[in-house]
Amino acid sequence: MSFEHPNSKGQDIRDVERAIMSRPAEHDSPNLDLDRMGMMLDLLGHPEHSFRVIHVTGTNGKGSTARMAEALVRAYGLRTGLYTSPHLERINERIAIDGQELSDEDFVDLYQQIEDFIAMVDDRFAKQGRAPMSFFEVLTAMAVWAFADAPVDVAIVEVGMGGRWDATNVLDGDAAIIGPVDMDHMQWLGDTVEQIAGEKAGIIKPKSTVIVGAQPHEEAVMPIIEQAVRQQGAPTLLRDGNELEVVSRMPAVGGQVATLRTPQGLYKDVPIDKFGEHQAHNALAALAAAETVIPVNGALDQDLVAEALSQVRIPGRIEQVRTSPTIIIDGGHNLNAAQSLRAAIEENYDFKQLVGVISMMADKQVEDYLGLLEPVLDSVVVTENSWKGRVMPAEDLERVAVRVFGPDRVVRRDRMPDAIQTAVDMVDSEDQTGVGYGRGVLICGSFVTAGDARTLLAERPNPDLAKPKAERA
């Protein structure tokens, strides 16, 4: 990161975060286009041309696939940039160089370097009666500038929402990954899987190697993706289940072991540090993308692949954060995510009792989501997360949950700390051994819920323990 422009304004990370996040959401803009991003890159001198790009979209699995691809590329000694969303706890999480998120100081410095350019774009569009840059456009511009400044060899970039009009689509992916396409964000992307697939296929570019994950609506989705490949003249199409294959997989401690096949070779018994069949397919897509951008002929080194995929950490995705009792956090919020979560729990855990702590956004398919998880949850505690503008009120969620679980299996707590404590108390009260074995709490329903829970459950050292005994309070 460049320090040619030190923090002369005395801003801290909270000031910068407020400035960025106070901007309109990208999907709320009346001008849904790439014009603002195009002007920004013109002003910056097109830094996006200085690195190769793995571009990742899909309804689910984008973040996991992106992190796996980044780990694979970095294992080969290439310098990487990673741009993901949303953040769970800190805005810095969205931009990482060589696997390390930006420090507070670097993030502030980065924002100040392009702040004047942001103002120039806003001013130009204000004169045209058009919207200013959205918060996601600003963050995307920051990521591109950071990657060029580092400089990185390969940027792994996760689409925010959709694809065609997403701010990240000013980039031309050397590899364009389209994960599972399902129903989500219908108010912006369309109310059929065909319409949503058309939006996500918008990331396909003329030089892209197109990598398509396993599709839950294959007959509806694949013709649309294949048509986009033909229209763009993309040279290569790799499809999970055809050119790509998860040959075998089996659960293992902390994750699973899978054998993966690509056109370049067979990767046997690869350890993957995540639960669930869907993560094996995410790893397969990431592997195919890594093969595209790493300058190696043929298959990648088996040992490097195993090392990379065995160490990927993906916060908020079926993430076990505590034991005794087991506490799992998952940020998935749509039906495909709920199906994957349920399958992973059924395959990898043997709970005698599992209590859900659930908070969801009001615009999601709440009843169907709860219905998919109902068979694995003994009871639920409904609550609210911190995004007050979008979260479903606890009393409304309670009514929906009662329809799904029945009144005897639903408890309401309006504050999340109280909800988590209530759930822990519920499993503790049934634990005759006192060790928490076979009992757990699942906190889920939204990435905001996952972020709130991670913050509340983070282990913090007690400063008194570092003092001599005589000085402890």
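How many Å² does the accessible surface of the protein chain come to, and what percentage of it belongs to carbon and sulfur atoms? The accessible surface comes to about 20,000 Å², and 48% of it belongs to carbon and sulfur atoms. Accessible areas come from the Shrake-Rupley method with a 1.4 Å probe, and for residues only the protein chains shown count as cover.

The model is predicted: local features need pLDDT of at least 70, side-chain atom pairs count only at pLDDT 80 or more, and totals for chains, interfaces and linings use all residues. Residues are numbered from 1 along each chain as its sequence is written, and side-chain values use heavy atoms, with hydrogens and water left out.

**Figure 1. The whole protein chain.** The secondary structure consists of 15 helices and 17 strands; helices (H or I, at least four residues) and strands (E, at least two) are DSSP runs numbered from the N terminus. The radius of gyration is 23 Å, close to the 23 Å from the globule rule for 473 residues, so the chain is as compact as a globular protein of that length. That radius is taken over C-alpha atoms, and the rule is 2.2 Å times the number of residues to the power 0.38. The C-alpha trace spans about 65 × 55 × 50 Å along its principal axes. Of the 473 residues, 55% are buried, where buried means under 20% relative accessible area, exposed over 50%, and partly exposed in between (1.4 Å probe, protein chains only). Among contacts (heavy atoms within 4.5 Å) between residues at least 6 apart in sequence, 75% join residues at least 24 apart.

Figure 2. Two strands pair if DSSP finds at least two bridges between them.

**Figure 3. Strand 5 and its neighbours.** All 5 of the 5 residues of strand 5 (residues 154–158) are buried, so this strand is largely enclosed by the rest of the structure. Val154, Ile156 and Glu158 lie on one side, and Ala155 and Val157 on the other. Strand 1 (residues 52–57) pairs with strand 5 in the parallel sense over 5 bridges, with Ile156 as the bridge partner of Ile54. Strand 2 also runs parallel to strand 5, joined by 4 bridges, and Tyr83 stands opposite Val157.

Figure 4. Strand 6 (residues 175–178) is parallel to strand 7 and joined to it by 4 bridges. Across this pairing, Ala176 stands opposite Val210 and Ile177 opposite Ile211. Strand 8 (residues 236–239) pairs with strand 7 in the parallel sense over 4 bridges, and Arg239 is the bridge partner of Val212.

**Figure 5. Surroundings of Ser85.** Ser85 sits in the loop between strand 2 (80–83) and strand 3 (95–97). Its relative accessible area is 8%, so Ser85 is buried. Leaving out residues up to four places away in sequence, Ser85 touches Arg94, Phe136, Glu158, Val159 and Gly160.

**Figure 6. Surroundings of Gln302.** Gln302 belongs to helix 10 (residues 302–309) and is partly exposed at 27% relative accessibility. Beyond residues up to four places away in sequence, Gln302 touches Leu266, Tyr267, Lys268 and Val270. Lys268 is 34 residues from Gln302 in sequence and 7.9 Å away in space, C-alpha to C-alpha.
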